[in-house]
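Morning, everyone. I have one structure to walk through today. Please look at the screen.

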Amino acid sequence: MKRTVIGGDIGGTHARFAIVDEAKNIISTEKIRIRHTGSAQDFLEQIVSALEKVLNTARARDCDVQAIGLGIAGKVDSERGIVIFSPNIPEARNLTVAEKICSRVNMRVFIDNDANAFGRGEVWAGDGALFKDWLGITLGTGVGGCLVLSGKVWTGEEGIGFAAEIGHTTVYPGGLQCLCGKLGCLEAYASEGGIIRMIQRQNIFPEKQVSTSRQLYELALTGDERALELFKIAGKALGVAIANAFTLLGIRKAIIGGGVSRAWVFMEPATKDALREHMSMLDLDEIILKTSTLGDTAALLGAAKLALDGLAGTHPRK
Ligand SMILES: [Zn+2]
């Protein structure tokens, strides 16, 4: 039997799971849509039932699953295995996710923030291994961030439950409303949710429905000026945030992932202009900005690595 773990990526609308072996191979995947009823129990049932299905697949494929790692969108206390708060999964507030799932599937469970899982995945299997110190940014439904220092994902002060939340750093004081309640966060400009809200608020495409970043990307490919302008706005906001982060931290490399990053070609010039304008101490020609080569598997692989680290005793949750 092959020694494996399950990696999961739990967002506001979907959860994805993968059986992964120690050689970084993804053996099988499963995706579910999450229904939000407001009940923590309903949320857990959906996750447990998906995991049971994945465990059945594992048995059929002769895989010995030894632990589960989950990256979850939100503020997560990885040491204690608790989701403190998640704007996109509000029913999970203060939920002891690791313990509750462990008692149902009878297997050790480790959890972390989904952007931290992205960082672990990049370090383990992607371009994150090329650099010692770098900033990870995921442009998805929201904007996630992770900080890798000396090859390790930095999880913030002990028990604080977040680190490198670049999506909720301010790029325009008094700017657009963010779902977190503040004004002018990067997420309001450069996430899929933020961009779609801009489109709806200003009725930018009165003749058609544009409700995903993929549709917007396809419009940009046809040369649609409105789509190009929206990616330029996103790129500029991203550049301001990265300029501040690089100047603050003394790092100069970033890996960008998430669905919106497929439009990187349309964002990059504006990002670089903003870096040139706002970055101190660094020149543009020493900066490295890369898009993730792992695509949407980065967070799944990273969650699997979280489980492997947990088994090896190198994760603080024993
Ligand atoms: Zn915010």
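Start with strand β11, residues 253-257, and strand β12, residues 288-291. They run parallel, and four bridges join them. Strands and helices here are DSSP runs, numbered from the N terminus: E for strands, at least two residues; H or I for helices, at least four. Two strands pair if DSSP finds at least two bridges between them.

A word on the source. This is a predicted model; local features need pLDDT of at least 70, side-chain atom pairs count only at pLDDT 80 or more, and totals for chains, interfaces and linings use all residues. Residues are numbered from 1 along each chain as its sequence is written.

Now the whole sheet. Five strands form it, in the order β10-β9-β8-β11-β12. It is open, and the pairing is mixed. Which strands stand at the edges? β10 (152-153) and β12 do, each with a single partner strand, so one side of each is left without a neighbour in the sheet. β10 runs antiparallel to β9, residues 143-149, through two bridges. In that pair, V148 is bridged to V153 of β10.

Step back to the chain. It has nine helices and twelve strands. Its radius of gyration is 19 Å, close to the 20 Å from the globule rule for 318 residues, so the chain is as compact as a globular protein of that length. That radius is taken over C-alpha atoms, and the rule is 2.2 Å times the number of residues to the power 0.38. Along the principal axes, the C-alpha atoms fill a box of roughly 55 × 45 × 35 Å. Of the 318 residues, 47% count as buried. Buried means 20 or more other C-beta atoms within 10 Å of the residue's own; exposed means 12 or fewer; partly exposed is in between; C-beta atoms are placed from the backbone.

Next, domains. The chain is divided into domain 1 (2-119 + 297-312) and domain 2 (130-293). Those bounds come from an automatic or database domain assignment. The C-alpha centres of the two domains lie 26 Å apart. How many residues does each domain bring to the contact? Domain 1 gives 19, and domain 2 gives 18. Contact means C-beta atoms, placed from the backbone, within 7 Å. On the domain 1 side, β5 (75-77) and α3 (114-125) are the elements giving two or more residues. α3 gives the most, with five.

Helix α5, residues 192-202, is next. Its buried residues are E192, G194 and I195. Their cover includes α4 (187-190), α6 (213-221) and α7 (225-249). Just after α5, N203 takes a positive phi of about 45°.

Last stop, H315. It sits in the segment after α9 (298-312). Is H315 buried or partly exposed? Partly exposed, because H315 has 19 C-beta neighbours inside 10 Å. Not counting residues up to four places away in sequence, H315 touches F110, L306, D309 and G310.

Note on methods. Contact = placed C-beta atoms within 7 Å.
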